[in-house]
Amino acid sequence: MDRRTSIKWVLAASASWPLLATRSRSAEPAAALPGYGTDPPLVTVYHPGQLWPLTLKPPQRRLAGILADIIIPADEHSASASAVGVVDFIDEWISAPYPRNQRDCPIILSGFSWLDAEARRRFGQGFADLDSRQHHSICDDICSEARAARDARDGARFFARYRDLTAGGFYSTPVGRQDLGYIGNVPLAHFDGPPPELLKKLNLP
Amino acid sequence: MPFVTATSQQSTYDVIVVGSGAAGGQSAYALCMDGAKVLMLEAGRKYSPQSETPMFQTPDLAPLAGAGTPDKPFGFYDATVDGGWEVPGEPYVRASEDPGGRFEWWRARMLGGRTNHWGRISLRYGPYDFKPHSRDGLGLDWPVAYEDIAPYYDKAELLIGVYGSNEGLENTPDSSPGCLLPPPKPLVSDLLIAQRAKRLGIPAIPGHRAVLTRALDFKGTPARLHPGNLTAQKLLAEDMRARAPCLWATPCGRGCAIRANYQSTTVHLPPALASGNLDITTDAMVYEVTLGRDGRANGVSFVDRTTGKPQHAAARVVILAASACESVRILLNSKSTRYPHGLANSSGQLGRYLMDTVGSTLSGQIPLLENLPPLNEDAADGVQMYTPWWLYREQLAGKLGFARGYHIEFGGGKRMPDHGTAAGIEWLTGGSYGVKFKQDVRRYYGSFVYFDGRGEMVPNDHSYCEIDPSVKDRWGIPVLRFHWQWSQHELRQAAHMQRTFADVIESMGGKVSGRVQTDGARAIAAGGSIIHEVGGAIMGADPKTSVTNRWCQTWDVANLFVTDGAVFASNADKNPTLTIMALAWRAADHILERMRRKEL
């Protein structure tokens with residue numbers, strides 16, 4: 001991310017606050033958002049980048065994928081976040097023209113900058129080029145907003161948001177659903193409720 | 001060809017129905033099945049649940065994993081078309097920016113209106129709910145009693161298909177035999193909540209929702225609904241056969257392509273159209289009821305949204321069913337030298353006594369529900385069970401500090417994972433990431449329960465709508481300005497909800513998510529945000545203090561009726577849609593009878 005892009009996003013995000021306030025004061029007609037509108041076709045498949053231009057440049061995408069996989073790595077149950085398209089999802093999310101997304105965008109982009117700066121300060125190279133032990137030494141300091149030291153709070157705020165977005169992208173995919181053992185969304189002839197042996201185990205009638 | 005344009009309409013109709021949702025759909029259905037020629041005008045576009053419902057679509061196929069946006073506030077796959085808290089080109093005004101004075105107005109611009117996405121919760125008002133002033137001295141009595149409306153509750157339940165049970169509880173009426181479909185099996189979380197709530201003296205019984213848990217009785221019900229009318233019976237039987245029972249998957253809020261739940265577009269409109277008696281014009285934004293020289297309504301003026309041009313349609317009778325606030329807006333904008341303050345407003349009550357439902361929410365995490373085996377818990381998509389208000393006696397004795405009750409919609413379960421499933425759980429995980437985070441998400445998935453309180457608001461003088469003197473919508477139609485204020489009854493009720501929910505969560509050995517708001521002003525959802533707004537053209541026994549009589553007929557104009565939520569004189573905790581249908585059906589029967597007697 002170059003500095004100009006970053007500033008542009010911050011300005012866009014801060015500009016959206018007074019805009020919202022004005023709208024709520026008189027409920028004036030909202031400026032037409034260049035989003036998908038109030039009547040998008042629902043029975044079709046959408047891909048990131050199809051509705052609005054994406055934001056991340058290749059080095060940012062690389063960092064985004066590495067961080068997403070630190071949060072959701074492959075394990076014996078399922079693949080990693082980046083393997084199921086989470087970077088595309090995050091890029092789509094922070095590029096969307098809606099207020100919530102425009103608030104998230106500078107948090108994510110400045111978070112990437114914070115990570116790189118912190119990696120350089122501690123280890124002399126960018127975050128993407130660190131090894132696993134080095135990644136964890138930084139992430140351990142920002143993985144909890146409650147426990148983060150004062151000078152790591154911005155990083156922790158970013159990390160919390162990034163973890164939520166990563167999980168949102170991951171668990172909404174078929175791989176994520178399977179990881180959680182979700183077995184619904186299939187037509188049933190009848191719904192029988194929970195198995196009796198489970199109810200018995202839980203002392204439920 | 002039942003869908004007509006502004007230029008292919010008939011020169012006149014028996015009845016014009018403005019709006020196509022619960023009120024408009026029910027009005028048109030009842031009239032058409034008895035032979036009346038009806039023109040329905042819908043402000044939004046034509047909509048087909050069969051071809052447009054995203055059944056089984058998963059979040060990964062949607063933009064932003066299906067998350068809500070200002071364009072689609074309830075999520076990408078929500079059925080709402082051209083609707084939401086803000087509709088482009090159709091502003092409204094709030095008189096106050098004070099948080100407690102905030103009113104939000106949800107609209108949908110589509111055939112079937114809000115019935116396409118609603119929660120399908122179908123509760124009857126009880127005897128107390130029609131006579132609240134007589135019971136506790138607050139609010140307003142209706143000019144009808146439960147016994148007047150009960151037969152129409154039966155009919156509405158039989159027609160649309162409602163699951164539930166008869167429990168014989170106070171002010172929670174039983175249905176006549178054969179009216180209700182069997183309730184769905186509860187989930188593990190439902191049973192756990194019910195068990196622990198009961199230990200606190202809080203009942204939990206099967207919910208009532210307009211979802212077909214089995215096929216409708218297409219052999220018996222048509223004759224019960226339309227005695228002596230063989231044509232109507234045949235039409236309805238054919239249509240009931242075409243509605244499939246629930247397949248226990250895909251959220252109802254998306255609409256239902258197999259017509260297993262009630263939407264005006266899946267239940268009311270198909271048989272009405274099949275009768276040949278219904279013409280529908282969509283993209284017709286009605287802004288005025290027009291009067292003839294005799295002082296009777298002779299039709300309505302509307303903007304054809306496809307051309308932007310004003311048009312007129314004529315009929316013997318006009319029914320407004322455009323949603324409470326929109327019907328009030330049309331009447332207020334129908335000004336003439338004879339009626340300078342709007343039509344049907346000689347009482348000065350038009351726009352007054354606007355009410356919404358009191359809403360407050362709390363959720364919790366329940367260790368007993370962690371690490372359960374995989375279960376298909378899509379079920380009926382929620383409210384398999386609920387808690388009706390249970391403290392009538394304590395309340396009447398003045399022990400609670402607020403006058404009216406609330407019911408609780410609760411639930412949990414292994415819902416289809418989405419963008420929010422693993423978000424915001426640092427309070428449980430301590431900030432885990434990596435393999436530990438994946439383990440944590442598996443552990444906590446399906447272990448959350450939520451409680452939504454839905455309570456009665458006492459109507460007050462400070463909650464009303466009027467025409468804003470300057471703001472107009474994109475067609476130049478003056479818009480509404482809302483005034484809103486809660487009373488202590490609502491604020492204390494919302495705080496009571498929070499304490500109750502926290503007690504139930506703790507009785508389950510669970511942890512409350514976030515804070516328990518014991519300050520009512522913080523606990524209560526903004527006015528209008530529960531989307532149960534009613535009132536504004538209330539029915540009453542006295543023309544000086546009400547807008548319509550007991551038949552939804554305006555006092556001032558004999559052939560002008562309002563059959564939507566605007567006529568509600570109280571807003572009981574029970575979700576209003578079933579009552580809207582019962583009142584609309586009753587009004588339609590009255591109109592038919594008066595038309596047969598040539599009085600209309």
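What follows is a walk through a predicted model with two chains, A and B.

Because this is a prediction, local features are described at pLDDT of at least 70 and side-chain atom pairs count only at pLDDT 80 or more, while totals for chains, interfaces and linings use all residues. Residues are numbered from 1 along each chain as its sequence is written, and chains are lettered from A, with ligands numbered from 1, in the order in which they are written.

Let us begin with chain A. Its secondary structure comes to 8 helices and 0 strands, where helices (H or I, at least four residues) and strands (E, at least two) are DSSP runs numbered from the N terminus. Of the 205 residues in chain A, 35% are buried. A residue is buried if 20 or more other C-beta atoms lie within 10 Å of its own, exposed if 12 or fewer, and partly exposed in between, with C-beta atoms placed from the backbone. Among the contacts in chain A with a separation of 6 or more, 61% are between residues 24 or more positions apart; two residues are in contact if their C-beta atoms, placed from the backbone, lie within 7 Å.

One helix pair in chain A is worth a visit. Helix H2 (residues 58–71) and helix H3 (residues 86–95) of chain A pack at an angle of about 120°, with their axes 9 Å apart. Axes are lines fitted to C-alpha atoms, for helices over the stretch in contact, and angles run from 0 to 180 degrees between N-to-C directions. The crossing of H2(A) and H3(A) is right-handed: a crossing is left-handed if the near helix is turned anticlockwise from the far one by less than a right angle, and right-handed if clockwise. H2(A) brings A:Arg61, A:Ala64, A:Gly65 and A:Ala68 to the contact, and H3(A) brings A:Val86, A:Val87 and A:Ile90. By class, the residues of this contact are 5 nonpolar, 1 polar and 1 charged. Here Ala, Val, Leu, Ile, Met, Phe, Trp, Tyr, Cys and Pro count as nonpolar, Asp, Glu, Lys and Arg as charged, and the others, Gly among them, as polar.

Now look at two backbone spots, one in each chain. Most residues other than glycine have a negative phi. A:Asn203, however, has a positive phi of about 55°, and sits in the segment after helix H8 (196–201) of chain A. In chain B, B:Thr250 has a positive phi near 65° and is found in the loop between helix H8 (230–241) and H9 of chain B. A:Asn203 counts as exposed because it has 9 C-beta neighbours inside 10 Å, whereas B:Thr250, with 26, counts as buried.

H9 leads us on into chain B. The axes of helix H1 (residues 22–33) and helix H9 (residues 264–274) of chain B come within 8 Å and cross at roughly 25°. H1(B) and H9(B) are therefore roughly parallel to each other; angles under 35 degrees count as roughly parallel, over 145 as roughly antiparallel, 65 to 115 as roughly perpendicular and the rest as oblique. Their crossing is left-handed. Residues making the contact include B:Ala28 and B:Tyr29 of H1(B) and B:His268 and B:Leu269 of H9(B). The residues of this contact divide into 8 nonpolar, 4 polar and no charged.

Strand E8 (residues 284–291) and strand E9 (residues 297–304) of chain B run antiparallel, joined by 7 bridges; two strands pair if DSSP finds at least two bridges between them. B:Met285 stands opposite B:Val303 in E9(B). The hairpin of E8(B) and E9(B) has 5 residues between the strands, and B:Gly295 takes a positive phi near 85° there. E9(B) also pairs in the antiparallel sense with strand E10 (residues 309–320) of chain B, over 6 bridges, and B:Val300 stands opposite B:Ala313 in E10(B).

Another part of chain B holds an open sheet of 3 strands in the order E3-E16-E15, with mixed pairing. E3 and strand E15 (464–472) of chain B are the edge strands, each pairing on one side only. E3(B) and strand E16 (residues 478–483) of chain B run parallel, joined by 2 bridges. Helix H10 (residues 324–333) of chain B lies across E15 and E16, at about 60° to E15(B).

Finally, the two chains meet: 68 residues of chain B are in contact with 65 residues of chain A. Strand E3 (93–94), helix H6 (188–199) and helix H13 (435–444) of chain B each supply at least two residues of the side that touches chain A. H13(B) gives the most to that side, with 5 residues.
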